[in-house]
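Open the model in a viewer and keep the selection tool at hand. The tour goes from one selection to the next and says what is found at each stop.

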Amino acid sequence: MFCYNCGKEISNEAYVCPHCGVKVEKSSIKNADADSGSRAGWGVLSFLVPIVGLILFLVWKEERPQTSKICGICALISFVMSIILGFVMGIVFVVLYEHYLFVI
């Protein structure tokens, strides 16, 4: 099972999380375990639409820490990749434009 507060894996018999020291509630454990199956889908959505990933990261920060972290990471990766791709496309455009000018 996973700690509701920090999202790290803990023993099923634990009453207190050994990582963050927060008392483990059985109802919150069920919510954290139920959240574990949908992380990949939210990560893909966050990668494809980074603003959605940012919003999910901010909204789920306390409620679903693991899913929130994945959404934030995927949104950040997507944003950085779009900036790099923009620079590469700009360089290709300039090179092709200069080549076109020399051909004429």
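Start with F93: at 58% relative accessibility, this residue counts as exposed, since the cut-off for exposed is over 50%. Keep in mind that the model is a predicted one.

Y97 is partly exposed, at 46% relative accessibility. Both F93 and Y97 belong to helix 4, four residues apart, or about one turn of the helix. How are the rings of F93 and Y97 arranged, as a stacked pair or otherwise? Their centres are 6.1 Å apart and their planes are at 20°, so the pair is stacked; planes under 30 degrees apart count as such.

Now zoom out to the whole chain. The protein has four helices and zero strands, and the order from the N terminus is α-α-α-α. Of its 104 residues, 24% count as buried. Among contacts between residues at least 6 apart in sequence, 38% join residues at least 24 apart.

Return to the aromatic rings, of which the model has two pairs. Select W42 and W60, an edge-to-face pair with 5.0 Å from centre to centre and 85° between the planes. W42 is in helix 2 (residues 39–48), while W60 is in the loop between helix 3 (50–59) and helix 4 (65–103), so the pair ties together parts that are 18 residues apart in sequence. Which of these residues is buried, and which is partly exposed? W60 is buried, with a relative accessible area of 11%, whereas W42 is partly exposed at 28%.

R64 lies over the face of W60, at 4.4 Å from the ring centre.

Next, display helix 2 and helix 3 together. Their axes come within 5 Å and cross at roughly 130°; the two helices are therefore oblique to each other. To see the contact, select W42, L45, S46, F47 and L48 on the helix 2 side. They meet P50, V52, G53 and L56 in helix 3.

For the last stop, select M1, C3, I10, A14, C17 and V24. These six residues make up the largest nonpolar core. Centre the view on I10 and show its surroundings. Leaving out residues up to four places away in sequence, I10 touches M1, F2, C3, C17, P18, H19 and V24.

How values were computed: Residues are numbered from 1 along each chain as its sequence is written. This is a predicted model: local features need pLDDT of at least 70, side-chain atom pairs count only at pLDDT 80 or more; totals for chains, interfaces and linings use all residues. Side-chain values use heavy atoms; hydrogens and water are left out. Rings of Phe, Tyr and Trp (its six-membered ring) pair if their centres lie within 6.5 Å; planes under 30 degrees apart count as stacked, over 60 as edge-to-face and the rest as tilted. Buried means under 20% relative accessible area, exposed over 50%, partly exposed in between (1.4 Å probe, protein chains only). A charge sits over a ring if NZ of Lys or CZ of Arg is within 6 Å of the ring centre and within 35 degrees of the ring normal. A nonpolar core is a set of buried Ala, Val, Leu, Ile, Met, Phe, Trp, Tyr and Cys residues joined through side-chain atoms within 4.5 Å. Contact means heavy atoms within 4.5 Å. Axes are lines fitted to C-alpha atoms, for helices over the stretch in contact, and angles run from 0 to 180 degrees between N-to-C directions. Angles under 35 degrees count as roughly parallel, over 145 as roughly antiparallel, 65 to 115 as roughly perpendicular and the rest as oblique.
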